Amino acid sequence: MKFVNFAAILRCYLVALCYAATVFFIVNTQNLSINMAISDQLILLLSGLGGLHGLLLAAFLFFRPPGAWSNRFLAGVIFMLSIRVLKSVLFHFNPAIGKQILQLGLSACFLIGPLLYCYSLHFMEIFRRSSLHRLHLIIPLFIVILIGGLYPYHLNPQLWNGLFYRIINYSWLAYTLLSVYVLWPKIVSLKLTNWRQHPDLVIVLGIVSGSGLIWCAYHFGAYTSYISGALTFSFLICVGALTVFLQLQQQKNKVIGRYANKKISAVAAEPLISELEQFMSAEQVYLDANLVMPRLAKMLGWPTPKLSQLLNDNLHLSFNDFVNGYRIEHAKTLLLGEAAMKMDDLAESSGFNSLSTFYAAFKKHTQLTPAKYKAALLSEALDNSETINP
């Protein structure tokens, strides 16, 4: 029996949306540029490329291994901003565009703030997949679907241009300020002399600041130009992409140069293994289905190559096998303690994101399926009981 991989479905859906948006934008602007002045064609090119590049960057971040939720939240922020920008470009050069496109752009604005806030929470490692934090995503998405269905733009333009626009605009601003509030402890600890030691924080602050700058560009567009928001986004997306690329390349070169051909001796590995095992047992981070090696290394305060070498060279385990070992031991405890627990719930409670992965890992570590393992233990316990009490 094959189980549905929802992550794969979401990835395919995002690619389809990016492709559809790109094709739609090109088709709707191809005829417009024929009779445009050179200056207008240049503005169209600069503002439109920013939106299209944003879609591609969002897809890259969403698919980028190891697929951490921080990347997916960031991809969502950039994706919604790109939709908002492309809507602005189309409307600026074609005011008679369909109202559905205007509704789509404003709906995207409503989701920028919640995604940005969840991204900041995840960066500060205080985001939990609890109902409280999920509501920041679920409620806005529900509102977008419900209001969009009950009061579509083409039938209620006054609502969308008045009350709805103000709610959407100030919700975006409120969530941006909330993101700054969440990041504030890190911000105050960041000094000009050591900002180079915290490139991740600098990038996050740049994203939050960029969101605020784009909000200002659109909010004060009446005093400047409506297309200024799209041009601002284009500039930020280019600078941001270049900064991230250079930073990743610099870190990669530094890590490779530092850890190339460097082994951890057995004597040095012993306290590290003990520290790692104690941390895993105490914090139970293996219960997070999205746990990846860079994140675990960051929690330990180790460089990622150091953790990788310790696992591969000293413990002779891959990262997945190491983490799954703890998950299987946790599953064994739940399997014996919860008689009526469903396998789906058991897999999720043990840190697995799919039932098929859980079955494969369980059989690899025990050579038995969960059901056969439980039956064998119960049979052994029954035999021991009969031996003690004949």
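**Reading the model**

Modeller: Let us start with the chain as a whole. Among contacts between residues at least 6 apart in sequence, 68% join residues at least 24 apart. Please keep in mind that this is a predicted model.

Biologist: How many helices and strands does the secondary structure contain?

Modeller: There are 16 helices and zero strands in the protein. Of its 390 residues, 41% count as buried. The exposed surface comes to about 22,300 Å², and carbon and sulfur atoms supply 64% of that area.

Biologist: By what quantities is a pair of packed helices described?

Modeller: Two packed helices are described by the angle between their axes and by the distance between those axes. Take helix α3 (residues 69-93) and helix α4 (residues 99-123): they pack at an angle of about 155 degrees, with axes 8 Å apart. Angles over 145 degrees count as roughly antiparallel, and α3 and α4 are therefore roughly antiparallel to each other. The crossing of α3 and α4 is left-handed. Sorted by class, the contact of α3 with α4 has 20 nonpolar, four polar and two charged residues.

Biologist: At what angle do the axes of α10 and α12 cross?

Modeller: The axes of helix α10 (residues 266-283) and α12 cross at roughly 105 degrees and come within 11 Å. The range from 65 to 115 degrees counts as roughly perpendicular, so α10 and α12 are described in that way. On the α10 side the contact is made by Ala269, Leu272, Ile273 and Leu276, and on the α12 side by Lys306, Leu307, Leu310, Leu311 and Asn314. The classes here are seven nonpolar, one polar and one charged.

Biologist: How are α13 and α15 arranged, and which residues of the two helices meet?

Modeller: The angle between α13 and α15 is about 90 degrees, and their axes are 10 Å apart. These two helices are therefore roughly perpendicular to each other. From α13, the residues Asp321, Asn324, Gly325, Ile328, Ala331, Lys332 and Leu335 meet Phe358, Ala361, Phe362, Lys364, His365 and Thr366 of α15. By class, the contact of α13 with α15 has six nonpolar, four polar and three charged residues.

Biologist: Let us turn to single residues. Where is Met343 found, and which residues is it in contact with, leaving aside its neighbours within four places in sequence?

Modeller: Met343 is found in helix α14 (residues 343-349). With those neighbours left aside, Met343 is in contact with Leu335, Leu355, Phe358, Tyr359, Pro370 and Ala371. Met343 and Ala371 are 28 residues apart in sequence, while their C-alpha atoms are 9.2 Å apart in space.

Biologist: What is the relative accessible area of Met343, and how is that value read?

Modeller: The relative accessible area of Met343 is 23%. Buried means under 20% and exposed means over 50%, so Met343, with its 23%, is partly exposed.

Conventions
Residues numbered from 1 in each chain as written. Predicted model: local features only at pLDDT ≥ 70, side-chain atom pairs only at ≥ 80, totals over all residues. Heavy atoms only, no water. Buried < 20%, exposed > 50% of the residue type's maximum accessible area, 1.4 Å probe, protein only. Contact = heavy atoms within 4.5 Å. Areas by Shrake-Rupley, 256 points an atom, 1.4 Å probe, with all protein chains shown as cover. Axes fitted to C-alpha atoms, helices over the stretch in contact; angles between N-to-C directions. Parallel < 35°, antiparallel > 145°, perpendicular 65-115°, else oblique. Left-handed = near helix turned anticlockwise from the far one by under 90°. Nonpolar A, V, L, I, M, F, W, Y, C, P; charged D, E, K, R; others polar.
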